[in-house]
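Biologist: Please walk me through this model. I will ask about its parts one at a time.

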Amino acid sequence: MDSLSTILNYTNLGENAKTIIYEDTSGFLTTALAQRSSVNANIVSLYDGKIRGKNSCLLNLTENDKIVITYLKLDILMNPKTTYHNIFSRFYLNSFDNLLLCLKTEENLVQIFFSLFPYLRLCGMIVIFSTQLQVTY
Amino acid sequence: MLIGIEKYLFDNKIAIDIKIHETITREYQILTLRTHPEMNNKGYSGYVLTAIKVDKAEK
């Protein structure tokens with residue numbers, strides 16, 4: 001919980017804030033971010049194709065229609081040959097205010113970071129949570 | 001992993017205010033005249049890297 005408060009504290013959640021998240025915590029971070037967000041927040045939550053990061057906590061947020069949460073498969077953004085990747089790149093390159101990564105395992109962290117980094121705008125905030133500080137073999 | 005990302009951001013000068021945070025919970029023993037922090041605690045809280053993206057510096 002202390003780590004979650006640190007993550008939310010360093011995320012810029014102003015008005016019209018656009019945030020791109022990749023997490024493997026089943027929507028825990030997305031939910032916390034949505035509850036903390038102010039009006040007109042736009043959150044793009046990526047998932048790895050196995051678990052869609054939506055849980056029952058988000059049902060409490062249906063009264064507030066100004067928070068838009070979009071769920072996307074991470075594979076779409078990781079594969080540059082797909083049409084959807086081209087469309088997403090065209091509209092969202094350099095547009096997000098925050099880039100959040102929350103991974104319990106260390107695999108693919110660097111690769112995912114490099115894939116999502118171009119979507120962050122200048123002066124955008126990078127917040128990455130990992131249980132590992134260095135590579136362990 | 002986080003060390004590698006921090007080094008990449010720092011070396012390429014594409015981010016500023018790069019920090020790695022480690023959160024800990026320090027428990028205290030509370031006894032009369034024997035109050036002190038616990039000498040051991042859990043060490044798997046995780047790390048949080050924060051940075052601000054900037055334009056790549058021109059050489």
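This is a predicted model: local features need pLDDT of at least 70, side-chain atom pairs count only at pLDDT 80 or more; totals for chains, interfaces and linings use all residues.

Biologist: Which strand of chain B pairs with β4(B)?

Modeller: Ile20(B) stands opposite Leu49(B) in β4(B). The two strands are joined in the antiparallel sense over 6 bridges. The partner is β1(B).

Biologist: What is the order of the strands in the open sheet?

Modeller: The sheet has 7 strands with mixed pairing. From one strand to the next the twist averages 15°. The order is β3(A)-β2(A)-β1(A)-β4(A)-β5(A)-β4(B)-β1(B).

Biologist: In which sense do β2(A) and β3(A) pair, parallel or antiparallel?

Modeller: Strand β2(A) covers residues 42-47 and is joined to β3(A) by 6 bridges. Ser45(A) stands opposite Tyr71(A) in β3(A). The sense is parallel.

Biologist: What angle does the direction of α5(A) make with that of β4(A)?

Modeller: Helix α5(A) packs on the sheet. The strands of chain A that α5(A) touches are β1 (18-23), β4 (96-103) and β5. The angle between the directions of α5(A) and β4(A) is about 170°.

Biologist: Which element gives the most residues to the side of chain A that touches chain B?

Modeller: In total, 24 residues of chain A are in contact with 21 residues of chain B. On the chain A side, the elements that give two or more residues are α1 (2-10), α5 and β5. These residues of chain A divide into 15 nonpolar, 7 polar and 2 charged. The element that gives the most, with 10 residues, is β5(A).

Biologist: Where do the buried residues of α1(B) lie on the helix?

Modeller: Helix α1 of chain B spans residues 2-12, and its buried residues are Leu2(B), Ile5(B) and Leu9(B). Seen down the axis of α1(B), these fall within an arc of 65°, so they line one face of the helix. On the other side, Lys7(B) and Asp11(B) are exposed. The buried residues of α1(B) therefore lie on one face.

Biologist: Which elements of chain A are included in what covers the buried residues of α1(B)?

Modeller: The cover includes elements of both chains. From chain B it includes β1 (15-22) and β4 (47-53). From chain A it includes α5 (109-116) and β5 (120-130).

Biologist: Which residue just after α1(B) takes a positive phi?

Modeller: Helix α1 of chain B covers residues 2-12. The phi in question is about 55°. The residue is Lys13(B).

Biologist: How many Å apart are Ile16(B) and Ile52(B) in space, C-alpha to C-alpha?

Modeller: In sequence, Ile16(B) and Ile52(B) are 36 residues apart. The C-alpha to C-alpha distance between Ile16(B) and Ile52(B) is 5.3 Å.

Biologist: Which residues of chain B is Ile126(A) in contact with?

Modeller: Ile126(A) is among the residues with the most contacts inside the largest nonpolar core, which has 40 residues. Leaving aside neighbours within four places in sequence, its contacts in chain A are Leu99(A) and Leu120(A). In chain B, Ile126(A) is in contact with Ala15(B), Thr50(B), Ala51(B) and Lys53(B).

Biologist: How many helices and strands has chain A?

Modeller: From the N terminus on, the elements of chain A run α-β-α-β-β-α-α-β-α-β. Of its 137 residues, 32% count as buried. Chain A has 5 helices and 5 strands.

Note on methods. Residues are numbered from 1 along each chain as its sequence is written. Chains are lettered from A and ligands numbered from 1 in the order in which they are written. A residue is buried if 20 or more other C-beta atoms lie within 10 Å of its own, exposed if 12 or fewer, and partly exposed in between; C-beta atoms are placed from the backbone. Helices (H or I, at least four residues) and strands (E, at least two) are DSSP runs, numbered from the N terminus. The arc is that of the directions from the helix axis to the C-beta atoms. Two residues are in contact if their C-beta atoms, placed from the backbone, lie within 7 Å. Two strands pair if DSSP finds at least two bridges between them. Axes are lines fitted to C-alpha atoms, for helices over the stretch in contact, and angles run from 0 to 180 degrees between N-to-C directions. Ala, Val, Leu, Ile, Met, Phe, Trp, Tyr, Cys and Pro count as nonpolar, Asp, Glu, Lys and Arg as charged, and the others, Gly among them, as polar. A nonpolar core is a set of buried Ala, Val, Leu, Ile, Met, Phe, Trp, Tyr and Cys residues joined through C-beta atoms within 7 Å.
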